[in-house]
Amino acid sequence: MTDDVRRKVQEQFGSFAQNYVNSPIHSSSYSLERLLELVDVRPGQRALDVATGGGHVALGLAKQDARVVATDLTPKMLAAARPYIDEHAGEDRAVNYGQADALAIPFGDNSFDLLTCRIAPHHFPDVAQFVKEAARVVRPGGVVAVVDQIAPPDTEGAKFVNAFEELRDPSHVWEYAQTEWEDFFTAANLKIVHREVCRNRLEFGWWTKMQNVAPETVTRLQVMLHQAPPAAAEWLQPELSEGGPAYFSLWQLILIGVKN
């Protein structure tokens, strides 16, 4: 990653690492359970979880007796995830940990049976490069499984949704449309075997508190929800009330590919 993006990611997630360990969206949502179901990992398989965040995918893989390596760019995130994983995985399940850049994965070709990455690539400055790296380090017939937020297919809607995300989280780079993700997989010689879009319905106050967003920024985000153009409003599905909680939607793509 570029030094500027690396710094932003490490600062942003280092400050709020424990929030992501505890987050219900990250620790117990549909996309987590569905991803673990779809990869169908078998005991003893080698699995790499890239940008492990709170460690929830790595933990799920360890509970299925995979030999797991959990990596993240941010040392403080790894420091928060490690005790959580170790506590819940059980003594007989070993997980290894390491700091790593998703765009330059520090393992040799064909090293893993499975690579996972969940709710992280929208922080990567070059997602196509990440997918190529993911394909490189899995063996032929190995699986690359990604979950990430996606943008609406039209350009103006995508720009608005990404601006909304970046205002809340300066380390946000870009979330792509489903078709763009599928193109990344195809270009990396990954045969897509599953594609699925699921909705996350978020409470606005919780979403901003996750990263301790400044009050003036919260106000700007509220204005954006109120004034979203039609394409973005259709995507975000804002539910606004005077003095009460506000809700909106983000959409996630679950994409599974097999290396040819």
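Which residues in H5 are buried? I opened my notebook with this question and looked up helix H5 (residues 56–63).

**Entry 1: the model.** I noted that this is a predicted model, in which local features need pLDDT of at least 70, side-chain atom pairs count only at pLDDT 80 or more, and totals for chains, interfaces and linings use all residues. Residues are numbered from 1 along each chain as its sequence is written, and side-chain values use heavy atoms, with hydrogens and water left out.

**Entry 2: helix H5.** I took helices (H or I, at least four residues) and strands (E, at least two) as DSSP runs, numbered from the N terminus. Buried means under 20% relative accessible area, exposed over 50%, and partly exposed in between (1.4 Å probe, protein chains only). I found that His56, Val57, Ala58, Leu59, Gly60, Leu61 and Ala62 are buried in H5. Seven of the eight residues of H5 are buried, so this helix is largely enclosed by the rest of the structure. Just after H5, Asp65 takes a positive phi of about 70°.

Entry 3: I used axes that are lines fitted to C-alpha atoms, for helices over the stretch in contact, with angles that run from 0 to 180 degrees between N-to-C directions. Angles under 35 degrees count as roughly parallel, over 145 as roughly antiparallel, 65 to 115 as roughly perpendicular, and the rest as oblique. A crossing is left-handed if the near helix is turned anticlockwise from the far one by less than a right angle, and right-handed if clockwise. Contact means heavy atoms within 4.5 Å.

H5 and helix H6 (residues 75–89) pack at an angle of about 25°, with their axes 10 Å apart. That makes H5 roughly parallel to H6, and H5 passes H6 in a right-handed crossing. I listed His56, Ala58, Leu59, Ala62 and Lys63 in H5, which meet Tyr84, Ile85, His88 and Ala89 in H6.

Helix H4 (residues 30–39) packs against H5 at an angle of about 40°, with the axes 10 Å apart. That makes H4 oblique to H5. The crossing of H4 and H5 is right-handed. Here Leu32, Leu35, Leu36 and Val39 in H4 meet His56, Val57, Gly60 and Leu61 in H5.

**Entry 4: H8 and H11.** How do the axes of H8 and H11 cross, and at what angle? The axes of helix H8 (residues 155–168) and helix H11 (residues 215–226) come within 10 Å and cross at roughly 165°. That makes H8 roughly antiparallel to H11, and H8 passes H11 in a left-handed crossing. I recorded that Phe160, Ala163, Phe164, Leu167 and Arg168 in H8 meet Thr217, Arg220, Leu221, Met224 and Leu225 in H11.

**Entry 5: cysteines.** I counted a disulfide as a pair of cysteine sulfur atoms within 2.5 Å. By this rule the count comes to zero disulfides. For Cys117, the nearest cysteine sulfur, that of Cys198, is 15 Å away. Cys117 is buried at 0% relative accessibility, and Cys198 counts as buried at 9%.

**Entry 6: positive phi in loops.** Asn110 lies in the loop between strand E3 (95–99) and strand E4 (112–118). Its phi is near 60°, a positive value in a residue other than glycine, and Asn110 is partly exposed at 35% relative accessible area. Asn212 lies in the loop between helix H10 (204–209) and H11. The phi of Asn212 is near 50°, and Asn212 counts as exposed at 59% relative accessibility.
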